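Please find below a short note on the structure shown here.

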Amino acid sequence: MTKQWFVAAAVIVAALMLYGCCGIPFPGGNAQHANVTGLTGRDGTAVANGGTTTERVQHIAGTVDNPGGNDATIFSGRVAVVLNGQKQYVTDMTRNDDGTWDFGADFVIGRGTNNVVVQVEDANGGAYGQSDTFTVTGNLPARQVEVVLTWDTNLTDVDMHVYAPGYSSTLNSDHTWYQALNGISGCNLDLDKTDGYGPETFICENTTETGQWAIKVRYYSDHGVTAPTTATVRVTLNEGQTQSYTHTFTADQANADDPTNDWTVTTFTR
Ligand SMILES: [Ca+2]
C-alpha cells in the first residue's frame, strides 16, 4: 500500500468509526428516522405541507424507526411532536410488520405560521432522528386566551377547569368544564376527552371578563390504569409566548369530581 492509499484508508476507517458510534448519521443516509405522512384537521380535512387551515386541532401521523433496531417489539425511546419549539410526546404508536412504527397524535396549532417537526429520541433521551419540517398556516381568529391540556396515558380521563374573574361557586357561574363547555361567556372548551391523551382546548375569542383567572386540572378517572399520569397545560395569552406547565398524578388521585387532588396550574390577570 502506498503512503497516499494508507492515508486515504485511515481517513475512511476513522470516518466509519466516528459515524458508527455516537448516533451520528452517515452523510446521505437515513438520518431522519421519522416521516410525516400528513396532517388532518379534526373536521376531517387533510392539510398539505405549506397549506392553510381553519381547524385548530390537527392530527399528525407518520412512521418512525425504532432506535433499538427494527427487530425489537418494544419501542426503545420516545417520539415527540415539536410545534414552534414546544414539545409534546407521542404515546399512541403501533408496530408495523417491517419493524417501523406508526405514530399518531392530536395537537393544537396557533394563528399564523406553525412549524412542526417529529423528533425521535433514543432510550437515553438523546437525539436519534427527526422528520423534515411540516409547515401549516392557521387561518384562525385571534385568541385572547388559549389553554391546551394533554396527558400521557391511554384510556384515562383528565379534565380542565377554567375559572373566570366572575366565578361564583354558589351560582356555579363563570366556570368552564366538561359539564359547562360554554360556562364562560366568549369562551369555549371544545370537548371532554375521556380515554387518553387529550387535547382538550379552551379558547376565548370574545370575552369581556377582566381580573384574575385560574386554571385547574382534575384527574377524573384512571379507567384501570395503574401508572402515573403526567398532564401538560400550555397557556397562551393574546397570541403571545406560550407558557408550559406539567404535573404528575398518581392513579389513586383519580377521584371523579372531588376537587381534593386538583392541580392548580396557574392564575393570570387580563
Ligand atoms: Ca376529560
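1. A residue counts as buried if 20 or more other C-beta atoms, placed from the backbone, lie within 10 Å of its own, as exposed if 12 or fewer do, and as partly exposed in between. By this criterion, 34% of the 270 residues of the protein chain are buried.

2. The model is predicted: local features need pLDDT of at least 70 and side-chain atom pairs count only at pLDDT 80 or more, whereas totals for chains, interfaces and linings use all residues. Residues are numbered from 1 along each chain as its sequence is written.

3. The protein chain has 1 helix and 20 strands, taken as DSSP runs (helices H or I, at least four residues; strands E, at least two) and numbered from the N terminus.

4. Beyond four places in sequence, the contacts of Val 233 (C-beta atoms within 7 Å) include Val 147, Leu 149, Ile 215 and Tyr 245.

5. An open antiparallel sheet has 4 strands in the order 14-13-17-20, where pairing requires at least two DSSP bridges between two strands. Strand 14 (173-176) and strand 20 (263-269) are the edges. Strand 13 and strand 17 (residues 212-221) are joined by 7 bridges, and His 161 stands opposite Lys 216 in strand 17.

Notes: Two residues are in contact if their C-beta atoms, placed from the backbone, lie within 7 Å.
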